[in-house]
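Hello,

Here is the structure I promised to pass on to you. Please have a look at it first, and then read my notes below.

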Amino acid sequence: MTKTVFLVDDSATILLSISGILGKAGYAVEKASSGEEALKKFGSGVKADLLLTDLNMPGMNGIELIREVRKLPAHKFMPILFLTTESQQSRKMEAKAAGASGWIVKPATADELLNTIKLVVK
């Protein structure tokens with residue numbers, strides 16, 4: 001069965017390049033360009049095997065999105081990876097406390113991205 005990755009990033013370029021990498025690797029991809037849009041899609045019944053979210057986005061940031069998604073019963077245990085240009089330990093700890101399963105520091109190679117996803121999506 002095809003696994004679905006829900007990708008949330010305010011950069012159209014990132015959405016395009018990562019969804020291309022994921023698509024070639026056989027994943028179905030759901031996209032949103034903001035935390036608010038992602039929550040709306042989850043609310044309308046979108047299912048995903050993994051949430052991959054950016055940290056810095058206008059409006060709701062990635063950490064706030066993770067906190068909100070973790071409140072949804074259907075997505076309480078879904079793996080969530082954080083995609084970020086920031087590598088400070090404090091940000092990583094904050095994301096982990098909010099419910100993130102792990103993170104990928106941008107720019108990541110296609111192999112780094114896919115290997116990390118394989119680790120968290122069973």
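**The covered strand β4**

Strand β4 (residues 80–84) is mostly covered, with five of its five residues buried. Buried here means under 20% relative accessible area, exposed means over 50%, and partly exposed is in between, for a 1.4 Å probe and protein chains only. Helices (H or I, at least four residues) and strands (E, at least two) are DSSP runs, numbered from the N terminus.

Before going further, two notes on the model. This is a predicted model, in which local features need pLDDT of at least 70 and side-chain atom pairs count only at pLDDT 80 or more, while totals for chains, interfaces and linings use all residues. Residues are numbered from 1 along each chain as its sequence is written, and side-chain values use heavy atoms, with hydrogens and water left out.

Back to β4: which way do its side chains point? Ile80, Phe82 and Thr84 point one way, Leu81 and Leu83 point the other way, and all are buried. In a regular strand the side chains alternate between the two faces of the sheet.

**Neighbours of β4**

Strand β3 (residues 50–54) pairs with β4 in the parallel sense, over four bridges; two strands pair if DSSP finds at least two bridges between them. Leu51 has Ile80 of β4 as its bridge partner. Together with helix α3 (residues 62–70), β3 and β4 make a right-handed β-α-β unit. Right-handed means that, with the strands pointing away from the viewer, the path from the first strand over the helix to the second runs clockwise.

β4 is also joined by four bridges to strand β5 (residues 102–105), and these two strands run parallel. Here Leu81 has Gly102 in β5 as its bridge partner. From β4 the chain crosses through helix α4 (residues 89–98) to β5, in a β-α-β crossover that is right-handed.

**Helix α1**

Helix α1 (residues 12–24) has 13 residues and reaches 18 Å from its first C-alpha to its last, close to the 18 Å expected at 1.5 Å a residue. The expected span is 1.5 Å times one less than the number of residues. Which residues of α1 are buried? They are Leu15, Ile18, Ser19 and Leu22. Seen down the axis of α1, the buried residues fall within an arc of 100 degrees, so they line one face of the helix; the arc is that of the directions from the helix axis to the C-beta atoms. Thr13, Leu16 and Lys24, on the other side of α1, are exposed.

The cover over the buried residues of α1 includes β1, β2 (28–32), β3, β4 and α5 (110–120), where contact means heavy atoms within 4.5 Å. Just after α1 comes Gly26, with a positive phi of about 95 degrees.

In α2, the buried residues are Gly35, Ala38 and Phe42. Down the axis of α2, these buried residues fall within an arc of 60 degrees, so they line one face of the helix. Lys40 and Gly43 are exposed on the other side of α2. The buried residues of α2 pack against β1, β2, β3 and α3.

Glu37 is also in helix α2 and is partly exposed, with a relative accessible area of 27%. Not counting residues up to four places away in sequence, Glu37 touches Lys31 and Ala32. After α2 comes Gly45, whose phi is positive, near 100 degrees.

Rings of Phe, Tyr and Trp (its six-membered ring) pair if their centres lie within 6.5 Å; planes under 30 degrees apart count as stacked, over 60 as edge-to-face and the rest as tilted. By this rule the count comes to one aromatic pair. The pair is formed by Phe6 and Phe42 and is tilted, with 4.8 Å centre to centre and 50 degrees between the planes. This pair links distant parts of the chain, with Phe6 in strand β1 (residues 4–8) and Phe42 in helix α2 (residues 35–43), 36 residues apart. Both Phe6 and Phe42 are buried.

**Towards the end of the chain**

Pro107 lies in the loop between β5 and α5. The peptide bond from Lys106 to Pro107 is cis, with omega near -5 degrees. Lys122, in the segment after α5, is exposed, with a relative accessible area of 75%.

Best wishes
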